[in-house]
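Hi everyone, thanks for making time today. Let me put the structure up on the screen, and then we can walk through a few places in it together.

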Amino acid sequence: MKYDFTSILDRRGRDAWAVDGIGTCPGFAPDAPKEGFDAIPMWVADMNFPTVPTVPQAIIERAKHPAYGYFDPPEEYYDAIIRWHEKRNGVTGLTKECIGYENGVLGGVISALNVLCSKGDNVLLHSPTYVGFTNSLSNNGYNMVLSPLVRDEKGIYRMDFEDMERKIVENRIHATVFCSPHNPCGRVWEHWELEKFTELCAKHNVFIVSDEIWSDILRPGVQHIPTQSVNEDAKYRTIAVYAPSKTFNLAGLIGSYHIIYCPRLQDRVAKESSLCHYNDMNVLSMHALLGAYQPEGYEWCDELRETIAGNVDYACDYITKHFEGVEASKPEGTYMLFVDCTKWCETHGKTIDELEKACWDVGVAVQDGRQFHGPCHIRMNLALPLTRVKEAFDRLDKYVFNA
Ligand SMILES: Cc1ncc(COP(=O)(O)O)c(C=O)c1O
């Protein structure tokens, strides 16, 4: 590999929840390990890899010029985004007017809902559900109606279209927040699934807020299909939100963007997002995006995909071979593994709290799956060097699942 996905980054004291947050927030963060174990961060969704070198190069280059006043993004900013979506997702016809800045993807999701709904409205989401949606929607006065994803005979999480339709009708739903690829289940939706989903939305006039923050992190050979590209109706009823933050490990820099084709929705979302007076681009984060969406960034992202696929294969094989009663469906995208421990807990007479505590005690800092509506689940972040993944699974074997 040309880029570094093997060095162990020491992030301690370097502005990282992933390591410094451990043991600081019961109910949210994993507990600190017992003496003798170091923490292996496998919870919050950022990566323990250094980003592509062109990102710090671009930031440093800009920072050398000692004035950081008000500014507008250059054409290059829009061109970089347009090129990225063309090369990665096969999108054609995307123009500058369709792209709007958002501080965060979640902020963009809430601005979109504020345009499409009134407070107190019912909004359709799938469960398991990304915890950020649950927190942001309830915090902003929206009522989530959950349609569970159902595992098919091959263990693949699928949408339950009948359940969704019934809930849309019964709850008079006119907006849905759609996670594509899906966190935490790791699904990259196939074309027929997106077609059926968007047709259902069209039938009942449901607007789609499509969170595609994970769309760059795919298994090699898997293709992401933007919701807006599925058909002409979906193009105009969807507000899509993206960011380089998940792909290039830039969450601490802040900076996302929406893509909206419908001119009315463009204006309404831009207005809504502006109301907090704080939805403005940061000059260094803009240069980070420019550094990321370079040829090196494309190459780096391809190597990242290979690295994560290797980690996912290792983790899934290990679980199948060694952890009886533990189930995980292999993610096609994201770097998350959503692990169902129901049978293991039943067989061993343990609660999920006891199981998680056992993981945390030996430094395997996984996340509580209940935050994602997984009653007896853990979520494992696999974006770290393979040696660390192996170490984590050794400890889980010795001290937790086969202790
Ligand atoms: C599906 C999804 N949306 C949004 C976010 C957060 O994005 P932001 O920090 O830009 O609000 C995450 C982070 O994990 C996520 O998984």
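Let's begin where two helices meet: R83, W84, K87 and R88 in helix 3 are in contact with G297, Y298, C301, D302 and R305 in helix 12. Sorted by class, this contact has five charged residues, three nonpolar and one polar. Please keep in mind that we are looking at a predicted model.

How do the two helices cross? Helix 3 covers residues 75–89 and helix 12 covers residues 295–322, and their axes come within 12 Å, crossing at roughly 40°. Helix 3 and helix 12 are therefore oblique to each other. The crossing is right-handed.

How many cavities of 30 Å³ or more does a search of the whole structure find? There are four.

The largest cavity has a volume of about 110 Å³. Its lining has 15 residues, and P244, I254, G255, S285 and L289 are the ones nearest its centre. Helix 11 gives the most to this lining, four residues, while strand 10 (256–260) supplies at least two. By class, the lining of the largest cavity has eleven nonpolar residues, four polar and no charged.

On to the second largest cavity, with about 50 Å³ of space. Among the residues lining this cavity are L125, H126, Y130, F133, F178 and H182. Strand 3 (122–127) and strand 7 (175–179) each give two or more residues to this lining, and strand 7 has the largest share, with three.

Terms used. Residues are numbered from 1 along each chain as its sequence is written. This is a predicted model: local features need pLDDT of at least 70, side-chain atom pairs count only at pLDDT 80 or more; totals for chains, interfaces and linings use all residues. Side-chain values use heavy atoms; hydrogens and water are left out. Axes are lines fitted to C-alpha atoms, for helices over the stretch in contact, and angles run from 0 to 180 degrees between N-to-C directions. Angles under 35 degrees count as roughly parallel, over 145 as roughly antiparallel, 65 to 115 as roughly perpendicular and the rest as oblique. A crossing is left-handed if the near helix is turned anticlockwise from the far one by less than a right angle, and right-handed if clockwise. Contact means heavy atoms within 4.5 Å. Ala, Val, Leu, Ile, Met, Phe, Trp, Tyr, Cys and Pro count as nonpolar, Asp, Glu, Lys and Arg as charged, and the others, Gly among them, as polar. On a 1 Å grid over the protein atoms alone, a cavity is a set of points where a 1.4 Å probe fits but cannot get out, and a pocket is an open set with protein on both sides within 12 Å along at least five of seven lines; lining residues have an atom within 4 Å of a point. Grid points are joined across faces, edges and corners, and a volume is the space filled by probe spheres set on the points.
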